[in-house]
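Welcome, and please open your viewer before reading on.

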Amino acid sequence: MNTPTPILLDCDPGIDDALALLLAAGAPELDLAGVTTVAGNRTVEMTADNACRVLDLAGRHDVPVHAGCSHALTMPRARTNTVHGEDGLGGVELPRSRSATAQHAVDVIEQALLREPAGSLTLVAIGPLTNLALAEIKRPGLLQRAKRVLVMGGAAFCDGNITPAAEFNFHADALAAQTVLGSGAPVLLFGLDVTRQAAMPADWVDSLGALGNRCGPVARDLIRGFRRDRPLLHDACPVAWLLAPELFASERCRVEVDWRPGLTEGHLSAKRIALARDDFGTPVDVFTSVDADALRELLRQRLARLP
């Protein structure tokens, strides 16, 4: 049996973050070393509590949760939304038996990358990138020690979802997004180009209630709590790639994020490598397609493994 891939998951739960956490928790291929949280979908206090609740639901009391940054690098308060409900979990009440640790998420990310041999730890970041960026600012070159940095964010070749120009995570902290993408780390970018293909039809959502465990019906109820007509598996995509990379296709691009305030704040400019000047942006892998049916089946199977 292959050795599980060690990952540190940075998130802002959020309903789709909760689904990504459940997918990671139900995957024996992954060693979920810890979860760090950031302000995004809701405040950092809420996102940390929600991460604790979801991990407890999955029976993963062994996975520590560390709260991180409460607002973006250049703003005095967080840009949040209520697409996931006032509580971030669509009104689904989940018990919580613990709180986040006293360690700040930025310190945890720094220590984890320095403690492990370079190229051994994978970072999965599915919220605003403030924690990762601050760790990189604190210790330049740190993120290059990661094996990979999987990011859910941006819209390379399509419109945004929070403004016409920008996707929510990049708009929430555009300077952090540019800092991470420009760090020289091996970044894999799962933006709206791919996640908009990962829809969750109502009949599939309903089927989760018949899994015969406690996590299936809760996952169903969480998805029903989305304040959107067409819920999408945004944050599950990077985790799913670690389990089944053959489901996805990507292009090598050079990218930059517009971090300056204004109408295009958070916009991801992407140029395919063959068309980009060498002095433009940073090369990353931009994912552009996914087998949505297989992705949903993967999530359903892994949810069925949970309590």
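Here is what to select at each stop, and what you will find there.

**Before you start.** This is a predicted model, in which local features need pLDDT of at least 70 and side-chain atom pairs count only at pLDDT 80 or more, while totals for chains, interfaces and linings use all residues. Numbering runs from 1 along each chain as its sequence is written, and side-chain values use heavy atoms, leaving out hydrogens and water.

**Stop 1: the whole chain.** Show the protein chain as a cartoon: its secondary structure comes to 11 helices and nine strands (DSSP runs numbered from the N terminus, with H or I of at least four residues for helices and E of at least two for strands). With a radius of gyration of 18 Å, close to the 19 Å that the globule rule gives for 307 residues, the chain is as compact as a globular protein of that length (taken over C-alpha atoms; the rule is 2.2 Å times the number of residues to the power 0.38). Its C-alpha atoms fill a box of roughly 55 × 45 × 40 Å along the principal axes.

Colour by accessibility next: buried residues make up 57% of the 307 residues (buried is under 20% relative accessible area, exposed over 50%, partly exposed in between, with a 1.4 Å probe and protein chains only).

**Stop 2: the cores.** Now select Leu9, Leu22, Val35, Phe190 and Phe248, the residues with the most contacts inside the largest nonpolar core, which has 68 residues. Such a core is a set of buried Ala, Val, Leu, Ile, Met, Phe, Trp, Tyr and Cys residues joined through side-chain atoms within 4.5 Å. Helix 1 gives the most to this core, with nine residues. A second, separate core of 37 residues includes Leu121, Leu123, Ala174 and Val284.

Zoom in on Phe190. Not counting residues up to four places away in sequence, Phe190 touches, among others, Met152, Cys237, Trp241 and Phe248 (contact means heavy atoms within 4.5 Å).

Stop 3: Is Asp16 buried or exposed? Asp16 sits in helix 1 (residues 15–25) and is buried, with a relative accessible area of 5%. Beyond four places in sequence, its contacts include Asn41, His84, His234 and Asp235.

Finish at Asp278, in the loop between strand 8 (268–272) and strand 9 (282–290). Asp278 is exposed, with a relative accessible area of 69%. Draw a distance from Asp278 to Ala172: C-alpha to C-alpha, they are 28 Å apart in space and 106 residues apart in sequence.
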